[in-house]
Amino acid sequence: MKSRLKVLRAERDWTQEQLSAAIGVSRQAINALETERHDPSLDLAYRIAAAFELPVEQVFPNPHCRRNAS
Amino acid sequence: MTDGWPRSFSYTIGTVANWALFLFAVWLLSWGSGEGRLPQPALWAIVLIVGVSVAAQFAAAYRLIAHQDEYIRAITAKRIIAATGLTLTAAVLWGLAEQFLGMPILPMWVIYPLFWGLFGAATPFIRDTRP
């Protein structure tokens, strides 16, 4: 699943370690999300969105929504 | 000592202990069964110890998976499924070859180290949790 995780993290100057600690997952999990090797559960997507103080869809664009398809 | 991600410190300790017990017990059986060095009840007790070490290792692996985050849990489960499939395939092929093609008879307990060996071999190739 595509995400804006890497961009949002870079904007805040956070490392993968810092984000993983804030969310309560491994650094490997953050890396897997950024490289599209893992689709997050709804719970994890909400936790990540909460860490960035953004709605979920601004972190993980809905792939089933036509306006995000391009 | 804190057990940070991937929360595997206690698993590593348990794994080393279980494998040490397994290897020592197999060696002891091999030594003790030769020339009647150990009585039959002692050999049975050692066989049970091997069984306990195998069960304990799988219990440790289960606990490890239960305490991981969703990514590591999913990827570990995927690797275990791959290792199980490869192990059973090898066991069935070899078993049939033993029975019908005269291949040498291997002791059934080698399935256990074979499984973990295949788990390790599969690990670098399975890095994606998606189907």
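Contact here means heavy atoms within 4.5 Å. With that in hand, let's work through two exercises on this predicted model.

**Exercise 1. Describe the interface of chain A and chain B, including any salt bridge across it.**

Step 1: Start with the residues. On the chain A side, 14 residues are in contact with 10 residues of chain B.

Step 2: Turn to area. The two chains bury about 1,000 Å² between them, and 48% of that lies on carbon and sulfur atoms. In chain A, the residues that lose the most area to chain B are Ser26(A), Arg37(A) and His38(A), which together make up 48% of what that side buries.

Step 3: Look for charge pairs. The rule finds one salt bridge across this interface. Arg130(B) forms a salt bridge with Asp39(A), with the closest N and O atoms 3.7 Å apart; the cut-off is 4 Å.

**Exercise 2. Work out how helix 3 and helix 4 of chain B are arranged, and which residues meet.**

Step 1: Find the geometry. The axes of helix 3 (residues 70-101) and helix 4 (residues 111-122) of chain B come within 8 Å and cross at roughly 130°.

Step 2: Classify the angle. Angles over 145 degrees count as roughly antiparallel, and 65 to 115 as roughly perpendicular. Helix 3 and helix 4 of chain B are therefore oblique to each other. Their crossing is right-handed.

Step 3: List the partners. Helix 3 of chain B contributes residues including Ile80(B), Leu86(B) and Thr87(B), while those from helix 4 of chain B include Leu114(B), Phe115(B) and Phe119(B). By type, the residues of this contact divide into 12 nonpolar, three polar and one charged.

Terms used:
Residues numbered from 1 in each chain as written. Chains lettered and ligands numbered in written order. Predicted model: local features only at pLDDT ≥ 70, side-chain atom pairs only at ≥ 80, totals over all residues. Heavy atoms only, no water. Axes fitted to C-alpha atoms, helices over the stretch in contact; angles between N-to-C directions. Helix = DSSP H or I, 4+ residues; strand = E, 2+ residues; numbered from the N terminus. Parallel < 35°, antiparallel > 145°, perpendicular 65-115°, else oblique. Left-handed = near helix turned anticlockwise from the far one by under 90°. Nonpolar A, V, L, I, M, F, W, Y, C, P; charged D, E, K, R; others polar. Buried area = accessible area lost by both parts, 1.4 Å probe. Salt bridge = Lys/Arg side-chain N within 4 Å of Asp/Glu carboxyl O.
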